[in-house]
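Morning, everyone. Let's talk about aromatic rings today. Please look at the screen.

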Amino acid sequence: EDARLIPMLETAVLNAGLANLSQRAEAIRRTVQLLQRLREHPLWEEINSAQTRWHELPYSRMDGARAETGYIDLLYCAPAGWQIVDFKTDIIRNEATLAKLIEQYKFQVHRYEKAVRSLLGHMPTVCLCFLDDRGVINLVRASTSQGLSSQSFPSTHYSSSDELGDQ
């Protein structure tokens, strides 16, 4: 564990406007929990083994007559090609919530896919990474160029060794 993590998180929660001590403590606890869950997932090793990766990658491009800007959570190059990962911290307790969130986020990841395709000239694999889908990580892969629907997002659930439920 990195000794700099907690001080960095304490600064981040203060900057986010959490003034109440119990709110700050809960935000830090939850962040540490989700980070630990991610560290135990196979995706962590894939990301860390990538020789090229960018976090919080800003982009700007023209979409017709409209300028589009945004930030991609993570873009990295794996042996299978370019990968976009959009991390989500929503608490998911059932399939209905998962389906609603996939629908909600699909246009966002479609913009990311179009940006990478137009700016790098490569078609990336796009993945929503739900960090708390009923206590486990759920990678929802999307091929948004083939149409955006819940059906085009097959899910892969991975749990960590201790499921990292609420403590």
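Which charged end sits over the ring of Tyr-105? The charged end of Lys-88 does, 3.8 Å from the ring's centre. Here, a charge sits over a ring if NZ of Lys or CZ of Arg is within 6 Å of the ring centre and within 35 degrees of the ring normal.

A word on the source. This is a predicted model: local features need pLDDT of at least 70, side-chain atom pairs count only at pLDDT 80 or more, and totals for chains, interfaces and linings use all residues. Residues are numbered from 1 along each chain as its sequence is written, and side-chain values use heavy atoms, leaving out hydrogens and water.

Now the pairs. Searching the whole structure gives three aromatic pairs. Rings of Phe, Tyr and Trp (its six-membered ring) pair if their centres lie within 6.5 Å; planes under 30 degrees apart are stacked, over 60 edge-to-face, the rest tilted.

One of them is Trp-54 with Trp-82. They are stacked, 5.7 Å centre to centre, with 5° between the planes. Trp-54 is partly exposed at 37% relative accessible area, while Trp-82 is buried at 13%. Buried means under 20%, exposed over 50%, partly exposed in between (1.4 Å probe, protein chains only).

Back to Tyr-105. Tyr-105 also pairs with Phe-130. This pair is tilted: 6.3 Å between centres, 45° between planes.
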